[in-house]
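Work through the exercises below with the sequence and the model open. Each task is followed by a solution in steps.

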Amino acid sequence: MSAITPAIAPPTQDHLPQLHRPRNPGMALDLDWVARVQANTSAIERRANTLPGRRTVKKAYQAAWLARAITLIDLTTLAGDDTEGRVRRLCAKARQPVRADLLGALGLPAITVGAVCVYHEMVETAVAALAGSGIPVAAVSTGFPAGLSPFALRVKEIEHSVQAGAAEIDIVISRRHVLTGNWQALYDEMRAFRAACGPAHVKAILATGELGTLRNVARASLVCMMAGADFIKTSTGKESVNATLPVSLTMIRAIRAYEAATGIKIGYKPAGGISKAKDALVYLSLMKEELGDDWLRPDLFRFGASSLLGDIERQLEHHVTGAYSASWRHPMG
């Protein structure tokens, strides 16, 4: 088997967004623009349904795309029984997500994941475990996953996570502002969260499975970007419906419209339910077709996932050996 050529190999991980992209300064809330935003649900669903079968990559190209996907993963543990030991093991996997022998056979350099995402209590543990790796720690915040704790506490939670060393903050919006059309309240909330993040990049989690319609998703995406979100993210992973292709298409077209109006590129993070390598390939093709190659790098695109990495590693081993290995050969930690 030939090695992957350098032309399609994944990038090295000098990828903190703030090293490469100007921050999204936001803009004044434009309610006229928000009111004009619509979503043609049937057309969006038709387009989304064509994606899994329209674009395929094979052999060395597929391996290269899967290796790229690994560099885009926010490797995540958000369980009630998380321990410091589990987080340290996850961070070790983040440093070396693919076995060295597989990388050697593929002709790839060492790669890492995009970030490690944890609860606030585990930020210091993750920061220490990742020291010197260049891998940022992302903390979920603002009363994750429901976002219903008192507002002042949500702001303080962000500040404490940043002080503990989190370079990225995944905040959850108040869904009620979207469901009642109170765009000013959503904008003000997002602006306050953005200010509390300071130098840390902020990902706004819309919890799209709880917003009712794709039009609400599109409008909420736009308002969060106006308020200064650096990334918009589909889900907490705790809703009954998480990342879907129609939702993703809606959100990334809002990103495209915002860039056209402001010149600012906003990142995108689908999260929840993306567990198979083939799904990652579909999302990558969607990003390439709709937004371009800039969104195939970790400063503008992340997968919120944990089990996805194991399946990708199994696919890479199949590419090298011609046989599928058992999942226990690719543990998360």
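A disulfide is a pair of cysteine sulfur atoms within 2.5 Å. The model is predicted: local features need pLDDT of at least 70, side-chain atom pairs count only at pLDDT 80 or more, and totals for chains, interfaces and linings use all residues. Residues are numbered from 1 along each chain as its sequence is written, and side-chain values use heavy atoms, with hydrogens and water left out.

**Exercise 1.** Find how many disulfides the whole structure has, and explain the result for Cys 117 and Cys 224.

Solution. Step one: a search of the whole structure returns zero disulfides. Step two: the cysteine sulfur closest to that of Cys 117 belongs to Cys 91 and is 11 Å away, too far for a bond. Step three: for Cys 224 the closest cysteine sulfur is in Cys 197, at 12 Å, which is again too far for a bond. Step four: take the relative accessible areas, where buried means under 20%, exposed over 50%, and partly exposed in between (1.4 Å probe, protein chains only). Cys 117 is buried at 1%, and Cys 224 is buried at 0%.

**Exercise 2.** Describe the fold and dimensions of the chain.

Solution. Step one: count helices (H or I, at least four residues) and strands (E, at least two), which are DSSP runs numbered from the N terminus. The chain has 14 helices and eight strands. Step two: the radius of gyration is 19 Å, close to the 20 Å that the globule rule gives for 333 residues, so the chain is as compact as a globular protein of that length. The radius is taken over C-alpha atoms, and the rule is 2.2 Å times the number of residues to the power 0.38. Step three: along its principal axes the C-alpha trace spans about 55 × 45 × 35 Å. Step four: 55% of the 333 residues count as buried.
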